[in-house]
Amino acid sequence: MTTTAMTTTGRTTTNPTTTAMTTDRRPGRIRVPRHLRWTHLTASVRARLVGSVALLAALGLLGAGTAALLVERERIEARVERSLAQEVGEFTELATAGTDPRTGGAFADAEAVITASLERNVPDEHETLLGYLPGLTIVPVDGGGSLQGDDTFRAQVTSATTPTYGEYQSPGDGRVVYAVMPFTKGGERSHFVTAYFVDLEMAELSETITSYAAAAALAWAALVAAALALARRVLRPLDELRRTAETITETDVSRRIGATGNDEVAELAHTVDGMLDRLEKALDGQRRMLDDAGHELRTPITVIRGHLELMDPADVVDVTATRSLAIDELDRMARLVEDLVVLAKSRRPDFLRRGPHRVDTVVTATFEKAVALAPRQWALDPLEPATASIDPDRVTQALLQLADNAVAVTGEHDTIAFGCAALPDTVRLYVRDTGPGVPPADRQRIFERFESGRGTRDGTGLGLAIVAAIAAAHGGTVDVASATSGGGALFLLDLPRLPDADTAPPTDEEYGALADLLDRHREEVYG
């Protein structure tokens, strides 16, 4: 068989409908404009997901069918070769060592051998046995198919002088694989032939493949439909997310997705809902802060304006008094603005300049600054050595604010004390006083913006909010409790602790001794 390769000449034609495409410099290539490439075509996630599933399913089914076809073809070819070898072997054994069933002795001629062989063998489907003698063709009872009267086939196989395997293209039945066994009996050369109609055998395989293709197409369609339904269900939270995002405005973030399930998309929806909760809370907090700040700033402005309108420019005493009042109110406004700036910065990454510091040393330095706030019975409780990653300036600011609050509610004979205790995971800084204390109902409220405890003289209501912001920025907490059973306030500032590099952790006995020392000191102070 010869194969001819066809080539085309270099003539080029131009199609008016493809003028958007240009020829690449390299021969045989066409450059597609960037906006027409597949990678730049837009499609929804659902379409891309279903398209990917459809493509992968089609490739999988096609690959499985192709592999099955190739394997089955190989199996058929191998079975045909084994069948041909078996038939030739059985005939050879019969011709050399067999006996004629009619006479009980050796075969007299080639016709008797071939006839006995055809009578004993039952050919498989699409298989035939033939015997060729000079001037005679012996065929089985069911005939030899299209090969029986094919003179071309007879001439091809009878030309063999040795056992031969070969192929023949039958005009009626297509490809035929055969094995021919030439032998001489009674002084004449004869040929025993076993042939297999391979194309007829493969036709059955083609029918099987056709049935498989139809079943695969139905399975593919069902799979694509299931993928589409699944994509709609899985991506429904994303649609809800898009619609929710479209309804969110600068002032309204109340809409939620509300997805159900435990998959990744549902988790994404839950995460977005949590983010919206935090944004709504932050917006509400900013709105409240702006309202409260506007209220607090409006008061001194109103006071200053009222006094300026009523001031007698000719009265020196009135002018001096109004001037002093205006300066006091402006100072209060400046403190309020400064506190608001601190609270605004508390959420910025650069709010703290942290590093490992000995907290007991910071407490001692802050105590030395606090004694100048007002004449009080200042005391320094025993300080346990501990190391924490802190911003010493911000911690000093928080402790001084707590001390200033204590000064505001105590008299000259009251005690204000600083202390520091090293706990297993945190270091606790505290400021205690012998003032009236904080009622349990107010202990959470006083740490909010523009809130003050009852009976205090806090000028802005932001001092304890700043302390809470400093504690939160350090990853710690702030709380207030009763200093003793008789009253007083104990403000606790807990900060994460680092392992001490220069001091060994206190033992249980050392903890007990420090606790006893602190109890004795409190008894001495409070009697």
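Which side chain meets Arg 75 in a salt bridge? I began my notes with that.

**Ground rules.** I am working with a predicted model, where local features need pLDDT of at least 70, side-chain atom pairs count only at pLDDT 80 or more, and totals for chains, interfaces and linings use all residues. Residues are numbered from 1 along each chain as its sequence is written, and side-chain values use heavy atoms, with hydrogens and water left out.

**Entry 1: Arg 75.** I found its partner to be Glu 72, at 2.1 Å from N to O. I took a salt bridge to be a side-chain nitrogen of Lys or Arg within 4 Å of a carboxyl oxygen of Asp or Glu. I then looked up where the pair sits. Arg 75 and Glu 72 are three residues apart in helix H1 (residues 45-97), so about one helical turn separates them. Helices here are DSSP runs (H or I, at least four residues), as are strands (E, at least two), numbered from the N terminus. Arg 75 is partly exposed at 41% relative accessibility. Glu 72 is partly exposed too, at 22%. My cut-offs: buried is under 20% relative accessible area, exposed is over 50%, and partly exposed is in between (1.4 Å probe, protein chains only).

**Entry 2: the whole structure.** I searched all of it and got eight salt bridges. One of them joins Glu 309 and Arg 305, at 3.1 Å from N to O. Both residues lie in helix H5 (residues 264-310), four residues apart, about one turn of the helix.

Entry 3: I looked up Arg 175 next. Arg 175 forms a salt bridge with Glu 167, and their closest N and O atoms are 3.0 Å apart. Is Arg 175 buried or exposed? At 19% relative accessibility, I count Arg 175 as buried. Salt bridges link Glu 77, Glu 167 and Arg 175 in a network.

**Entry 4: Arg 428.** I placed Arg 428 in strand S12 (residues 426-433). Its relative accessibility is 27%, so Arg 428 is partly exposed. How far apart in space are Arg 428 and Leu 495? I noted 6.5 Å, C-alpha to C-alpha, although 67 residues separate them in sequence. I also listed contacts (heavy atoms within 4.5 Å). Leaving out residues up to four places away in sequence, Arg 428 touches several residues, including Gly 419, Cys 420, Leu 492 and Asp 494.
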